[in-house]
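Dear colleague,

I am passing on a structure that you have not worked with before, and I would be grateful if you could look it over. My notes on what was found in it follow directly below.

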Amino acid sequence: MRFLKTVGAALAAAALVAAGPAPASAASGDIAPGAWEPAPQEEFELPAGARCDFAVRSESIVDEVRKLTVSRYPDGSPERELYQGALIGRLTNLETGASTITDASGSARIEYGTDGSMTWYVTGPVLIGFRENGGSLPKGLYIIDGEYVLAFSPTGIKTLTMRHGTVHDLCADLA
């Protein structure tokens, strides 16, 4: 699987949201390289314990995310893509109704490995989820902001390398 979901299965998107956008496939070759296209972020719900100790829902309020496929592999799958655009959402604790507004309007260059790995080079905020033992941050949902690299292994393990910035725990806000 060339693109792992960022939250739930990984923008998250780890979402890019917690749930990230799906890549263009060889079947969508009718979109010319170099053309920006909408990349809507999927809304998602996660059960208690998946990322937070309680069930959560993420829904978009503003979603102007778009992507540009910069290069493709010979099979038509994306090799490098750029993402940008406003992404404002609401994250809700489904047990208490507590909610918070999130800004995940960062820009990213994503490089896809032929082995199913990918690397995000990010400036600005992104909503991302980490599962238990799923990477360099504890289980949770986070807004990561600044300049950083987020590497996804072929098995979905995420490694965050901060150049400078902040990591904000959204589960703590909603507890």
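Ile144 touches Gly124, Pro125, Val126, Ile128, Leu137, Leu160, Met162, Thr166 and Val167, where a contact means heavy atoms within 4.5 Å and residues up to four places away in sequence are not counted. Please bear in mind that this is a predicted model, in which local features need pLDDT of at least 70 and side-chain atom pairs count only at pLDDT 80 or more, whereas totals for chains, interfaces and linings use all residues. Residues are numbered from 1 along each chain as its sequence is written, and side-chain values use heavy atoms, with hydrogens and water left out.

Ile144 is also one of the residues that touch the most other members of the largest nonpolar core, which has 33 residues; the others in that group are Val56, Ile110, Trp120, Ile128, Leu141 and Leu150. Such a core is a set of buried Ala, Val, Leu, Ile, Met, Phe, Trp, Tyr and Cys residues joined through side-chain atoms within 4.5 Å, and buried means under 20% relative accessible area, with a 1.4 Å probe and protein chains only. Among the elements that give two or more residues to this core are strand 9 (118–123), strand 10 (126–130), strand 11 (140–152) and helix 1 (170–174), these being DSSP runs numbered from the N terminus (helices: H or I, at least four residues; strands: E, at least two). Strand 11 provides the largest share, seven residues.

There are two aromatic pairs, counted where rings of Phe, Tyr and Trp (its six-membered ring) have centres within 6.5 Å, with planes under 30 degrees apart called stacked, over 60 edge-to-face and the rest tilted. The rings of Trp120 and Phe152 have centres 4.9 Å apart and planes at 40°, so this pair is tilted. Because Trp120 lies in strand 9 and Phe152 in strand 11, the pair ties together parts that are 32 residues apart in sequence. Trp120 is buried, at a relative accessible area of 0%, and Phe152 is buried at 2%. The pair of Phe130 and Tyr142 is edge-to-face, at 6.0 Å centre to centre and 80° between the planes, and it links strand 10 with strand 11, the two residues being 12 apart.

Two charges also sit over rings (NZ of Lys or CZ of Arg within 6 Å of the ring centre and within 35 degrees of the ring normal): Arg66 over Trp36, 4.4 Å from the ring centre, and Arg109 over Tyr121, at 4.2 Å.

With best regards

Key. Buried < 20%, exposed > 50% of the residue type's maximum accessible area, 1.4 Å probe, protein only.
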